[in-house]
Amino acid sequence: MAAKNGTKGRQDMVHAARRLRIGIVGAGHFGRFHALKVLSGAREALVGIHDPDAARARKVADEAGGVPVLSYPDLLARSDAIIVAAPAEYHFDLAREALAANRHVLVEKPMAATLEQADELMALAQKHGVVLQVGHLLRYSAEHRAITERITRPLYIEATRIAPYKPRGTDVSVILDLMIHDLDLVLAIVDSPIESVDALGAAVSSPFEDIANARVRFENGCVATIAASRISLKTERRMRVFSQEGYLSADFMKRELTMIGRERGLPLPGTGGFRRESVTWRDHDTLAAEHAAFAAACLDGAKVLVDGAAGRRALAAALAVTQGIAATRARMEASGLIIPPVQED
């Protein structure tokens with residue numbers, strides 16, 4: 001028995017020591033961060049970078065220890081897994097090619113442009129028995145955990161995520177750039193399908209919506225109001241939740257959360273048994289946590305925290321908001337509230 005246990009122990013050590021060979025597609029803002037994180041990861045090895053812009057790829061590759069800049073076929077050939085950090089319009093095609101080549105994939109959000117594309121990626125991952133993980137980074141954050149540990153039966157949710165203008169991210173709408181983070185968090189705590197979405201948005205500094213507001217009603221009666229802007233004068237990230245567990249208010253910029261309920265915190269005199277809990281948290285490396293989870297899923301068969309189904313649900317919500325904005329604009333144009341742009345011949 002001792003010899004058998006010793007053999008198993010050595011096998012476990014070898015398994016734990018194995019490193020996941022990762023290729024990065026996209027040498028932009030997120031691609032660079034991913035490359036540096038792989039470089040420092042305990043269970044990951046960076047084998048190369050691919051980007052159509054060879055100079056940009058070379059710059060990131062040099063910063064990441066001089067790894068080679070490769071064509072996409074060569075990158076696939078050398079890798080166990082691919083991280084897709086290219087612009088959103090290329091996510092589906094790049095992820096599909098990697099999955100079809102039997103490679104694990106971590107694809108940045110949004111995972112695809114349509115639900116049909118998301119379904120195809122999920123089917124490919126299942127067919128080839130490989131990991132498909134979607135880059136909803138805030139799932140690994142302390143703020144996400146602080147809320148989901150306290151709220152399971154929300155009645156009403158109000159979320160605000162606004163920031164000054166930055167050119168990065170404007171290849172998609174603010175819904176897919178910023179709002180999708182809060183949509184994903186809302187979906188994580190509301191155990192019900194979406195019934196309807198009423199939304200309004202406007203394009204100001206880019207070809208896509210730069211500011212948006214959505215009211216999402218779920219089949220169980222819960223309602224969420226979510227506002228997002230990337231053309232504001234300040235940065236603000238807040239969430240308020242009314243729930244069966246109590247009232248929660250979170251300021252993500254200050255890293256502070258207050259919960260008033262009956263289960264946690266110090267008694268509030270004269271309130272009939274209510275308690276107040278004040279929570280603060282420190283920043284931790286959410287990207288490192290995401291990478292560790294990806295490596296564990298690929299090497300150990302660990303459960304994927306943000307799998308294709310989670311990515312698809314967030315995408316479906318974002319698309320519903322986009323459709324709601326289009327419907328609202330059509331009503332405004334029909335009523336004469338706004339004048340549609342003149343089409344040139």
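I take contact to mean heavy atoms within 4.5 Å. Helices (H or I, at least four residues) and strands (E, at least two) are DSSP runs, numbered from the N terminus.

This is a predicted model, where local features need pLDDT of at least 70, side-chain atom pairs count only at pLDDT 80 or more, and totals for chains, interfaces and linings use all residues. Residues are numbered from 1 along each chain as its sequence is written, and side-chain values use heavy atoms, without hydrogens and water.

**Entry 1: two helices.** I looked up which residues of H6 meet H10. Leu-115, Ala-118, Asp-119 and Met-122 of H6 touch Gly-308, Ala-309, Arg-312, Leu-315, Ala-316 and Leu-319 of H10. I sorted this contact into 7 nonpolar, 1 polar and 2 charged residues. (Ala, Val, Leu, Ile, Met, Phe, Trp, Tyr, Cys and Pro count as nonpolar, Asp, Glu, Lys and Arg as charged, the others, Gly among them, as polar.)

**Entry 2: their geometry.** H6 (residues 115-128) and H10 pack at about 180°, with axes 10 Å apart. H6 is therefore roughly antiparallel to H10 (an angle over 145 degrees). Axes are lines fitted to C-alpha atoms over the stretch in contact, and angles run from 0 to 180 degrees between N-to-C directions.

**Entry 3: the largest pocket.** A pocket is an open set of points on a 1 Å grid where a 1.4 Å probe fits, with protein on both sides within 12 Å along at least five of seven lines; lining residues have an atom within 4 Å of a point. I found 50 lining residues, with His-29, Phe-30, Arg-168, Asp-177 and His-181 closest to the centre of the largest pocket. The lining has 22 nonpolar, 12 polar and 16 charged residues.

Terms used:
Angles under 35 degrees count as roughly parallel, over 145 as roughly antiparallel, 65 to 115 as roughly perpendicular and the rest as oblique.
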